[in-house]
Amino acid sequence: MTDHTTTSAAIGTTTTADAPVIRRMRHDTVRRTLRIAQVVRLTPNMIRIVAEGPELAGFVSGAPDDHVKIFVEGADGERVMRDYTPRHHDAAAGTLTIDFFDHEGGPVSDWARAAKVGDPISIGGPRGSQVIEGPIAHWLLVGDETALPAIGRRVEELPAGVSATVIGAVPGPADEQAFASAATVETRWLHRDAAAATDPAPLLAALAQVDLAPNTFVWIAAEAAVARAAREYLVGERGLDKRWIKAAGYWVAGQADSSAKNLGED
Ligand SMILES: Cc1cc2nc3c(=O)[nH]c(=O)nc-3n(C[C@H](O)[C@H](O)[C@H](O)COP(=O)(O)OP(=O)(O)OC[C@H]3O[C@@H](n4cnc5c(N)ncnc54)[C@H](O)[C@@H]3O)c2cc1C
């Protein structure tokens, strides 16, 4: 069902000449029912779903770390909704790709594991986008499995002439992903059990090895305590200017339907 058409408008910017700009855009909220065209195991722990359908017309996603709501039916028939990244929107082909991390005990993760070609998929949004712009020469993109869709999309959308370092935490080599890019990209994978995704130590150790060259923008998403610890380390111990970091908790250990978006801004 399409509620109404999408229009987009820039609603505000945060800017200074020497720092990045976060251009905030709002989009009319549109609920769409699409059809699953493809389901693949991208890696052992990541399920890729490609959706299509006439209601995709007018879909807008202005930034790699946008999110849509995925609506599923919970165990008791209740409506459940969770945030997922529009990993790739191909307007010409009329497809939208979303990657689901396969974890225990989540209704949306359970739904993705059982999804089949031909099933409906119900999405809402994105309601807005935060477009990061400015004098950025280098991107440091840090995260766990749930961050890989946004990191992959960011890397793929970077132009030539900039560079990026990706630090990705996954269970093992088979869960590593390859991202095509016009930019120069170095990827460092950390291997730890999925059960250790709430331990900040591996990411902090990896960050300790990273040079923070001038004009590096840092983007972090992981379990909330991990993302918070990484942000505090970079700002508190490494002296990173807060205008050069955007960090989010994409999930909260032990809490369903929970996140901590825009850490340090609330
Ligand atoms: C802006 C944004 C974008 C996101 N994009 C993506 C994306 O593209 N792909 C993606 O896979 N996830 C993404 N996430 C994370 C996703 O929304 C959460 O993992 C969500 O909780 C999953 O819903 P669920 O129904 O499976 O589990 P829930 O019902 O929310 O949680 C059930 C239990 O599982 C735990 N849990 C939740 N997530 C994880 C996890 N990753 N690992 C281990 N335990 C977990 C919870 O702590 C809880 O105890 C994004 C989150 C945000 C805020």
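**Close-up views of a predicted model**

**View 1. Helix 2 is mostly covered.** Helix 2 spans residues 148-157, and eight of its 10 residues are buried. Buried here means under 20% relative accessible area, exposed means over 50%, and partly exposed lies in between (1.4 Å probe, protein chains only). The buried set is Leu148, Pro149, Ala150, Ile151, Gly152, Arg153, Arg154 and Val155. Helices (H or I, at least four residues) and strands (E, at least two) are DSSP runs, numbered from the N terminus. The model is predicted: local features need pLDDT of at least 70, side-chain atom pairs count only at pLDDT 80 or more, and totals for chains, interfaces and linings use all residues. Residues are numbered from 1 along each chain as its sequence is written, and side-chain values use heavy atoms, with hydrogens and water left out.

**View 2. The largest nonpolar core holds 50 residues.** A nonpolar core is a set of buried Ala, Val, Leu, Ile, Met, Phe, Trp, Tyr and Cys residues joined through side-chain atoms within 4.5 Å. Ile167 and Ile220 have the most contacts inside this core. Helix 4 (residues 224-237) supplies its largest share, seven residues. Domain 1 (8-128) and domain 2 (136-251) each give the core at least three residues; these bounds come from an automatic or database domain assignment. A second, separate core has 20 residues, including Ala51, Val80, Leu96 and Val108. In soluble globular proteins, nonpolar side chains tend to be buried together.

**View 3. Ile220 and its contacts.** Contact means heavy atoms within 4.5 Å. Neighbours within four places in sequence are left aside. Ile220 then touches Val142, Ala227, Ala230, Arg231, Leu234, Ile245, Lys246, Ala247 and Ala248.

View 4. Trp111 counts as partly exposed because its relative accessibility is 21%. Ser109 has a relative accessible area of 1%, so Ser109 is buried. Not counting residues up to four places away in sequence, Trp111 touches Ile36, Ile49, Val72, Phe100, Pro120 and Ile121. With neighbours within four places in sequence left aside, Ser109 is in contact with Tyr84, Phe101, Asp102 and His103. Trp111 and Met25 are 86 residues apart in sequence and 30 Å apart in space, C-alpha to C-alpha.

**View 5. The largest cavity has about 60 Å³ of space.** On a 1 Å grid over the protein atoms alone, a cavity is a set of points where a 1.4 Å probe fits but cannot get out; lining residues have an atom within 4 Å of a point. Grid points are joined across faces, edges and corners, and a volume is the space filled by probe spheres set on the points. The count is three cavities of 30 Å³ or more. Gly143, Asp144, Ala169, Arg192, Ala196, Ala197, Asp199, Pro200, Pro202, Leu203 and Val226 line the largest cavity. This lining has seven nonpolar, one polar and three charged residues. Ala, Val, Leu, Ile, Met, Phe, Trp, Tyr, Cys and Pro count as nonpolar, Asp, Glu, Lys and Arg as charged, and the others, Gly among them, as polar.

**View 6. Backbone geometry at Pro126, Asn215 and Asp257.** Most residues other than glycine have a negative phi, and most peptide bonds are trans. The Gly125 to Pro126 bond is cis, with omega near 0 degrees. Pro126 sits in the loop between strand 9 (120-124) and strand 10 (128-133). Asn215 has a positive phi of about 65 degrees, in the loop between helix 3 (201-208) and strand 14 (216-223). Phi of Asp257 is near 50 degrees, in the segment after strand 15 (245-251).

Note on methods
On a 1 Å grid over the protein atoms alone, a cavity is a set of points where a 1.4 Å probe fits but cannot get out, and a pocket is an open set with protein on both sides within 12 Å along at least five of seven lines; lining residues have an atom within 4 Å of a point.
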